Amino acid sequence: MHVLLSIALAMAGGLVLSRVVKLLKLPNVTGYLIAGLIVGPCCLNLVNQTNLGYIKIISTVALGFIAFSIGGEFKLEHLKKLGKSIVTITFCQALFAVAFVMLGLFALKFAFPDQIDTPMILLLGAIATATAPAATLMVVKQYRARGIVTDTLLPVVALDDAIGLMVFSICVALAKVFAVGEQLTFMSTVVTPLLEIALSLVVGAALGALLALCMRFFRSRANRLCLMIVAVLAGVGLSEMNWPMGLSLSSLLTCMMTGAVFANMRKDSLQILDGTENWTPPLYMLFFVISGAELDLKVIPLIGIAGVAYIVFRSMGKYLGAFTGAAMVKADKNVRNYLGLTLLPQAGVAIGMAQVVANTPEFAAQSSQIVTIVLC
């Protein structure tokens, strides 16, 4: 089947299933993932494995826009208003999730050595940090939730994904060392990951500053939308390049920094960034449909123990981390008792991280299991 026809069928399936899940009061992303599973190689094979390989570039670009939009939320004046309590709670719940998942999975590896390896533990630990801002906001709006828990929750889930991307970049660099069997050195485990993160941030900052400068010469919404697309594509493209010393940039971190610098250099950034809503909905739909199509049902029985362990330990880390952070800053008891439960959902960013793993050649042995665990 022609690649363009596969894309059309993928989008049509996403649209149909989004209507079906709406009747069940589920978010559209659930419908898109189910649509991908139906049209993908595991079921109808309307989007076959070969065509999935061709259209993976759509997922890569969508990830760039997801990271760019996250960065756009981080205006310094907004961060100052959040206060130390929000930052403390966010760091605690994110780092507890990483620690619980990694320690739990290392214990699993000790008991069942054939079930999981070190690169997979590092990658799942990093992915555990991510929450789902879009899904969380959808539930808040659906139930018209108001109060101290909601007021704390929304800034936490926004800041959480930024921390998650940083942790993920470090863990990817470390996991590559273990995956290819390199000797562990200070250079490979500390210097190289830090250099890659720093370079990603510098390149992203440069693109963000250039984007803000170019906005002075282009006033129409259409031209400004084109400029933002250029900036994100450039960020993703530069990250995919082969850099000196074998360094590789994180496209997620680069695009997030582009959005953050742009947001802080333009007072009207929020209005300009709203323009991306004209471009991204079909892109995000395809991203989730493609992700669903890559779910390999045959792998599910093989990842049972690791998958259950990931869910259990991540849930414990998120809840206890939020509880500890709230207790440290003497937050309201409702925040302390219930915030952790609201941080359990995972969606866009976590699936994006799993796709980065799937697109990295060094993780060929772990990618199908990681993608399956995250999608399930």
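**View 1. Ser367 and the residues it meets.** Ser367 touches Val357 and Ala358, leaving aside residues up to four places away in sequence; touching, or contact, means heavy atoms within 4.5 Å. Ser367 lies in helix H17; helices (H or I, at least four residues) and strands (E, at least two) are DSSP runs, numbered from the N terminus. Is Ser367 buried or exposed? Ser367 is buried, because its relative accessible area is 12%, and buried means under 20%, exposed over 50% and partly exposed in between (1.4 Å probe, protein chains only).

A word on the model: it is predicted, so local features need pLDDT of at least 70 and side-chain atom pairs count only at pLDDT 80 or more, while totals for chains, interfaces and linings use all residues. Residues are numbered from 1 along each chain as its sequence is written, and side-chain values use heavy atoms, with hydrogens and water left out.

**View 2. Helix H2 and its packing partners.** Helix H2 covers residues 28-39, which makes 12 residues. From its first C-alpha to its last, H2 reaches 17 Å, close to the 16 Å expected; the expected span is 1.5 Å times one less than the number of residues. Among the buried residues of H2 are Val29, Tyr32, Leu33 and Val39. Which helices do the buried residues of H2 pack against? They pack against H1 (3-23), H13 (280-293), H16 (348-358) and H17 (367-375).

**View 3. Helix H13, largely enclosed.** In H13, 11 of the 14 residues are buried, so the helix is largely enclosed by the rest of the structure. The buried residues include Leu286, Phe287, Phe288 and Ile290. Their cover includes H1, H2, H3 (49-54), H4 (56-71), H16 and H17. The end C-alpha atoms of H13 are 20 Å apart, which agrees with the 20 Å that its 14 residues should span.

**View 4. Stepping back to the whole protein.** The secondary structure comes to 17 helices and 0 strands. The radius of gyration is 20 Å, close to the 21 Å that the globule rule gives for 376 residues, so the protein is as compact as a globular protein of that length; the radius is taken over C-alpha atoms, and the rule is 2.2 Å times the number of residues to the power 0.38. Of the 376 residues, 50% count as buried. Residues 24 or more positions apart account for 79% of the contacts with a separation of 6 or more.
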